[in-house]
Amino acid sequence: MGLFGNQFSDVVEWDEFREDMIFWKWHNDEIKKGSRLIIRPGQDAIFINNGKIEGIFEDDGDYDIESEIVPFLSTLKGFRFGFNSGMRVEVLFVNTKEFTVRWGTQNPINIPAPQLPGGMPIRANGTFQFKVNDFTALIDKIAGIRDSYLVDDVKIRITAILDQLLMKWITKEGKDMFNLQANAHEIGKGISDDLNMELMDDGMKITGFQVMSFNYPKEIQDMINKNASHGMVGDVSKYQQISVADAMAKGNSSGSGSAADMASMMVGMNIAKDMMDTMKESKSGGGQTAGGDSAQGPNFCPNCGQKNEGAKFCPNCGQKLA
């Protein structure tokens with residue numbers, strides 16, 4: 001942290017930078033003559049005197065405090081370092097990046113539902129993003145009394161009120177209680193607006209809130225899946241036709257399986273029906289053609305079942321047909 005004795009210059013820096021830390025305060029008895037300020041990428045440095053902001057420095061780099069920083073401080077522009085005197089200020093380093101936090105309900109939330117007197121128990125999970133956007137509010141409400149602040153501190157505060165916000169916006173925007181994911185964007189937008197109102201006084205802003213999934217009790221989820229499958233079927237007869245076609249395809253590829261056997265049986269029954277219809281037509285229509293030739297062959301070969309288009313010999317097995 002760059003702490004030196006009273007007769008030596010200081011290096012004012014945040015060298016133990018943590019990705020989950022929102023701010024960290026450097027404070028010593030005083031900053032000595034010849035001290036330097038180091039600002040790393042993703043950091044802003046705020047000089048504070050008696051609880052008030054003296055200057056904000058955003059560009060990363062290595063600065064001489066006496067010549068490059070003091071001239072820009074609001075009320076300390078005329079400050080001059082003496083041999084034994086130093087400047088009494090605090091330096092607040094702020095992490096400027098956008099933080100992403102995962103959240104999830106610890107216990108089911110009972111959402112009011114007309115069909116369920118006790119409500120529907122639902123769990124949810126997702127992510128939210130936030131960043132510091134008001135240094136003055138941050139110092140007044142948090143940094144004035146704390147030396148550091150972590151992402152977990154914000155997460156604890158958010159999750160403390162998240163259940164009631166989920167209940168509020170699910171009830172308001174959840175058009176279909178059994179398909180809340182369809183309105184997840186609207187639900188998340190409402191929660192984001194409310195969380196912004198909660199955090200703005202602390203100098204932070206919610207930049208996004210997402211509901212990744214809603215989780216129902218197993219019995220209700222099974223019912224939802226069943227209803228969805230029925231809805232996908234729609235035309236039952238068409239579904240049966242598709243099932244037979246799939247079964248035939250599987251039978252051709254694997255050569256086994258009850259579904260393939262059923263499909264083959266149905267095809268055989270259809271062939272037998274066509275053959276019976278043909279025999280009936282032959283009996284009722286006579287055995288000779290108009291020109292006196294011998295009777296036309298059957299529509300199907302009695303040996304192999306191949307369909308016949310009027311030929312006298314089966315094109316498949318050679319069986320004489322007429």
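A hairpin of two residues connects strand E9 to strand E10; strands (E, at least two residues) and helices (H or I, at least four residues) are DSSP runs numbered from the N terminus. The model is a predicted one, in which local features need pLDDT of at least 70 and side-chain atom pairs count only at pLDDT 80 or more, while totals for chains, interfaces and linings use all residues. Residues are numbered from 1 along each chain as its sequence is written, and side-chain values use heavy atoms, with hydrogens and water left out.

## Strand pairing around E10

Two strands are taken to pair if DSSP finds at least two bridges between them. Strand E9 (residues 109-113) and E10 run antiparallel and are joined by four bridges. Within this pairing, Asn 110 has Pro 121 of E10 as its bridge partner.

E10 (residues 116-132) is also joined to strand E8 (residues 99-104), in an antiparallel arrangement with six bridges. Trp 103 stands opposite Gly 126 in E10. A further antiparallel pairing, over ten bridges, links E10 with strand E12 (residues 204-215). There, Val 132 has Met 204 of E12 as its bridge partner.

In general, strands of a sheet pair through backbone hydrogen bonds, either parallel or antiparallel.

## The sheet E1-E3-E6

An open sheet is formed by three strands in the order E1-E3-E6, with mixed pairing. Strand E1 (11-12) and strand E6 (61-64) are the edge strands, each pairing on one side only. Strand E3 (residues 36-39) and E6 run antiparallel and are joined by four bridges. Leu 37 stands opposite Tyr 63 in E6.

Which residues are linked with Arg 36 in a network of salt bridges? The network consists of Arg 36, Asp 62 and Asp 64. A salt bridge here is a side-chain nitrogen of Lys or Arg within 4 Å of a carboxyl oxygen of Asp or Glu. Between Arg 36 and Asp 62, the closest N and O atoms are 2.7 Å apart. This pair links distant parts of the chain, with Arg 36 in strand E3 and Asp 62 in strand E6, 26 residues apart.

Accessibility is classed by relative accessible area as buried (under 20%), exposed (over 50%) or partly exposed (in between), using a 1.4 Å probe and protein chains only. Arg 36 counts as partly exposed because its relative accessibility is 32%. Asp 62 is likewise partly exposed, with a relative accessible area of 43%.

## Helix H3

Helix H3 (residues 151-173) has 23 residues, and a straight helix of that number would span 33 Å at 1.5 Å a residue. The expected span is 1.5 Å times one less than the number of residues. H3 spans only 29 Å between its end C-alpha atoms.

Where is the kink in H3 centred? The kink, of about 45 degrees, is centred on Leu 162; the bend at a residue is the angle between axes fitted to the seven residues ending there and the seven starting there. Leu 162 is one of the buried residues of H3.

The structure holds 13 salt bridges. One of them joins the side chains of Lys 168 and Asp 194, at 2.9 Å from N to O. Lys 168 lies in helix H3 and Asp 194 in helix H4 (residues 184-199), so the pair links distant parts of the chain, 26 residues apart.

Asp 193 forms a salt bridge with Lys 189, the closest N and O atoms being 3.1 Å apart. Both residues, Asp 193 and Lys 189, lie in helix H4, four residues apart, which is about one turn of the helix. The table lists the accessibility of the residues in these two pairs.

| Residue | Relative accessibility | Class |
|---|---|---|
| Lys 168 | 41% | partly exposed |
| Asp 194 | 21% | partly exposed |
| Asp 193 | 37% | partly exposed |
| Lys 189 | 46% | partly exposed |

Gln 319 is placed in the segment after helix H7 (258-285). Is Gln 319 buried or partly exposed? Gln 319 is partly exposed, as its relative accessible area is 34%. Leaving aside neighbours within four places in sequence, Gln 319 is in contact (heavy atoms within 4.5 Å) with Cys 301, Asn 303, Lys 312, Phe 313 and Cys 314. For Asn 303, which is 16 residues from Gln 319 along the chain, the separation of the two C-alpha atoms is 6.8 Å.
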